[in-house]
Amino acid sequence: MTYYTSRRRLLGFASTIAMAGALIAGAYTKASTLPAGRLAADMPTFSPSHRGEPEGRRTFWSHLQLQPADAWSRLRDSFHWQDQWQNGAGHARVKHWIDEYSAKPHNIVEIAERARPWLAWILERIETRGLPGELALVPFVESSFDPEARSHFGAAGLWQIMPRTGDALGLRRSGSWDGRLDVVRSTKAALDYIEYQAEQWYQGDIELSLAAYNAGAGTVNRAQKRALASGRAGSYWDLELPNETMDYVPKLLAISAIVSDPERYGVTLPEIEGSPAFERVPVTRTVHLGEAARLAGVPTAQLAALNPGLRSSTARPGQVSELLVPVDNAEPLLAAMRRPGPPSRNTSEVHVVQSGDTLSGIASEHAVAVADLARWNGLDSPNALQPGQQLTLSGR
């Protein structure tokens, strides 16, 4: 039971050199096989439009705003593996996880609720690539669809991307931003990575690439060599891998099977629209999250939840390229971003603490006294600074 990508990318000379370097170094982490810089480009930004806009003026987003099917129906229609696993080598392993998941249907519903803002958008990305729809549920297995999830090993976000992997994927990190938590960019990076490894190492076999996504390409490649040496075909189901990786694809297939037929397993999935729940508004001027929420007409907490990559309360053009906004609330914020804003204390009277900053260094940079800076910000200790923290630079 395998699925092979139909796409084959032409890799440039620089990518080949980067790949060779990774192999020579023996860096068999999740990021070890990724050519430097290949996946770093941001996705394009689209301007939102109102529903009911004249046909000739509709943009990308307005075409997507109305879809005939809900997200679950679209997802089921995009599944590729459901007719294969039931009679395949992994049947018992998948059935085990179906039983585990269906024994706690309330957990499935809770995770499905967390998927509400993200599911339709992720599914569209997968449909565009012609990949199995089951991949839209990888965040179910990885993070329970919690974009703020962090593992003990340092993985973060819906797709649980490790720091080094994120660096290789172009997901930059700073005190005010973590690209691994940004759903738009981390989704693109994760899908690029899964496809790339499938094509580079496994003749397009997505199941093997998923195993490598979990355990690292080196672990999977060595297991495949052992399987081939013993006369087995070398598919995912032939390999002896770490327990977590042995369960990885079965878990994905199990939750997909439940989504395919929720009534059979006593699960009532929440209704989720088949079109994206958010639009992307370019950040063209500095804006406080509270101001952006007011302009959009949504609670600040809701806007923050849609933008987990933003690690401070202020979005600056040099740090953040866009804000995700509920689909029906984007136009006012977009219009405000198009207008020149008044001088803001966020640019002239606030300092965002970066890693390595000291109170004395910040005071010197902005020509203020250390004692005043501490008093204005209620700091009892000069060592209390945290990356992403905002310090006011005046007593006003």
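The buried residues of helix α3 are covered by elements that include α5 (105-114), α6 (119-129) and α12 (243-260). The model discussed here is predicted. Helix α3 itself spans residues 71-78, and its buried residues are Ala 71, Trp 72, Arg 74, Leu 75 and Ser 78. Viewed down the axis of α3, these buried residues fall within an arc of 160°, so they line one face of the helix.

The list runs through Leu 119, Ala 120, Trp 121, Ile 122, Leu 123, Glu 124, Arg 125 and Ile 126, and it ends with Arg 129. Just after α6 comes Gly 130, where phi is positive, at about 70°.

Gln 160 sits in the loop that joins α7 (138-143) to α8 (163-168). Buried means under 20% relative accessible area, and Gln 160, at 7% relative accessibility, therefore counts as buried.

The other is Gln 203, where phi is likewise positive and near 50°. Gln 203 belongs to the loop between α9 (183-201) and α10. Is Gln 203 buried or exposed? With a relative accessible area of 57%, Gln 203 is exposed.

Two packed helices are described by the angle between their axes and the distance between the axes. For α10 (residues 206-215) and α11 (residues 217-229), the axes come within 7 Å and cross at roughly 130°. The two helices are therefore oblique to each other. On the α10 side, the residues in contact are Leu 208, Ala 211, Ala 212 and Ala 215. They meet Ala 217, Thr 219, Val 220 and Gln 224 of α11. By residue class, the contact of α10 with α11 comprises six nonpolar residues, two polar residues and no charged ones.

Notes
Residues are numbered from 1 along each chain as its sequence is written. This is a predicted model: local features need pLDDT of at least 70, side-chain atom pairs count only at pLDDT 80 or more; totals for chains, interfaces and linings use all residues. Side-chain values use heavy atoms; hydrogens and water are left out. Buried means under 20% relative accessible area, exposed over 50%, partly exposed in between (1.4 Å probe, protein chains only). Helices (H or I, at least four residues) and strands (E, at least two) are DSSP runs, numbered from the N terminus. The arc is that of the directions from the helix axis to the C-beta atoms. Contact means heavy atoms within 4.5 Å. Axes are lines fitted to C-alpha atoms, for helices over the stretch in contact, and angles run from 0 to 180 degrees between N-to-C directions. Angles under 35 degrees count as roughly parallel, over 145 as roughly antiparallel, 65 to 115 as roughly perpendicular and the rest as oblique. Ala, Val, Leu, Ile, Met, Phe, Trp, Tyr, Cys and Pro count as nonpolar, Asp, Glu, Lys and Arg as charged, and the others, Gly among them, as polar.
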